[in-house]
Structure formats: structure tokens, C-alpha cells
Amino acid sequence: MRTRTLTLAAASGAALLATAVLPTSASGTANPRSAQEGSVSAADLLAKVTSCSQISNGKYKTDDETSATVPVCGKNGAVFWKADMDVDCDGQVTSKCNGNTDPWFQDDTAFHQSDGKPLRADSLPYVVVPSASSIWKYTSSGIKGGGVVAVIYNNKVEYAVVGDTGPTKIIGEASYATAKSLGIDPDPETGGTDSGVTYILFKNSQASPIQSHSAAVSLGDSLAKKFLQNN
């Protein structure tokens, strides 16, 4: 997991414009999936997270240069935060995620597939949680590897799993596959988005196996319905 700096993002603005058309032609199978996964709408989920009951002992930065403005908030059956999205390409080496495409590439993830291999960022939607610190310890909130997350952006819902851990003071990162599914530029160096992403993590949940996206979607849809009922 890396932290994408604001200066890098600004410097690469021209590159973003130049490559804006790439995702549509990257591969025939990568063309847009449904605007949402499951049967629960983005609007219904967002209506339940309009206010924050802060459970973190402080707030997080979204990048190294920014001030700490993002709290972790508690709800019945879930925790959530609203932040940016940096793109994590860590895990298995692939044509899209490797040391050449990603200056911060690491060939491992905090949580592994059922066969022991690292997760695959370019095909598995996963979210990065901050490593345990005095600000917040994710395990104390019932969050664990493979836990199901509803990621909401631009009126789209994407279900992901908790797949990696990151810096103790920074929040707002998800895998290449998560970004691409939500229509966010997935380039690990220049992609991501500066704001507008809501992450709802369902407590004591676990997709099995962790690498099965269909398992995450099925469980996520069920948990999202329960979330609406209980909040």
C-alpha cells in the first residue's frame, strides 16, 4: 500500500487527460458492469450515513500533505468513512500491477487468498484499512480480512473485501479493480479520485473465500439490506 501525494497527482494532470480514453479500450471484458451491484441503491445507503458518531480517537489524513479531517464513524452493524480513493496495486504481479506500472508496488497484501497467495488487485475489488494505531484499531470494531465493504461513488455501489492494510495515519484507498468498477481511473500512479467516496464496512462479516467477488456481492447485498433496516 502506498500514499499518493497531492503534488504527484497535480503534476500528472496532463497525463490523466491524455490517457482518459484508455479504460474503454483496455479489454473487451472490462467494459462497464452494472451501475450498481446487488439490489440496494447508493442513495438508500448514503441516506443512512449523513451524520457521524465518531468512534476513532482522532481523524485521518487522505494524503501525506493534507490535514487530518476524516473520522471513522459508527453505525449499527457497520463503520464508515468518507474520503478519497488512492489506487492500491499491491499483491500478485500482473500486467497491470507490477514494479513498472506502480512506483510503490509491493508483491504482498496483508490478507491472502485461500491458497496462500497474495490478493490480485487488478481483478479483485478490495479496500485498504489503516493499520492499528492509537487513532483506531480496526479489529476492535469487528473488522477483519475478508470483511465485506460497500464502496459508493457517483451513485454506484461496488462490494469489496478488506484486503490490505496501510499507514496508520492515512485513509482512503482501494484496489485497481475497485476503482475501475466504479468508473474511477485505476492507474496506480496517476489515477484515483480526490473525494466523494464512501466506505461502509460491515462488522463481523467475511466473504469466503476472500478471493470470490461473487461471495462478497451476495453477502454484501444481504448485509446492506440489514443495515438499512437497523439504522
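Buried means under 20% relative accessible area, exposed over 50%, and partly exposed in between (1.4 Å probe, protein chains only). The model is predicted: local features need pLDDT of at least 70, side-chain atom pairs count only at pLDDT 80 or more, and totals for chains, interfaces and linings use all residues. Residues are numbered from 1 along each chain as its sequence is written, and side-chain values use heavy atoms, leaving out hydrogens and water.

**Exercise 1.** Find the disulfides (cysteine sulfur atoms paired within 2.5 Å) and classify their ends.

*Solution.* 
- Step 1. Search the whole structure: two disulfides turn up.
- Step 2. Take Cys52 and Cys73, with S to S at 2.0 Å. Cys52 sits in the loop between α4 (42-46) and β1 (73-75), and Cys73 in strand β1, 21 residues apart. Helices (H or I, at least four residues) and strands (E, at least two) are DSSP runs numbered from the N terminus.
- Step 3. Cys52 is partly exposed at 39%, whereas Cys73 is buried at 4%.
- Step 4. Read the torsion. It is about -100° around the S-S bond of Cys52 and Cys73, so this disulfide is left-handed.
- Step 5. Repeat for Cys89 and Cys97, joined at 1.9 Å. Their S-S torsion is -65°, again left-handed. Cys89 is buried at 0%, and Cys97 is buried at 1%.

**Exercise 2.** Find the salt bridges (Lys or Arg side-chain nitrogen within 4 Å of an Asp or Glu carboxyl oxygen).

*Solution.* 
- Step 1. The whole structure holds two salt bridges.
- Step 2. Arg120 pairs with Asp122 at 2.6 Å, N to O. Arg120 is partly exposed at 36%; Asp122 is buried at 13%.
- Step 3. Lys225 pairs with Asp221 at 3.6 Å, N to O. Both lie in helix α6 (residues 213-230), four residues apart, about one turn.
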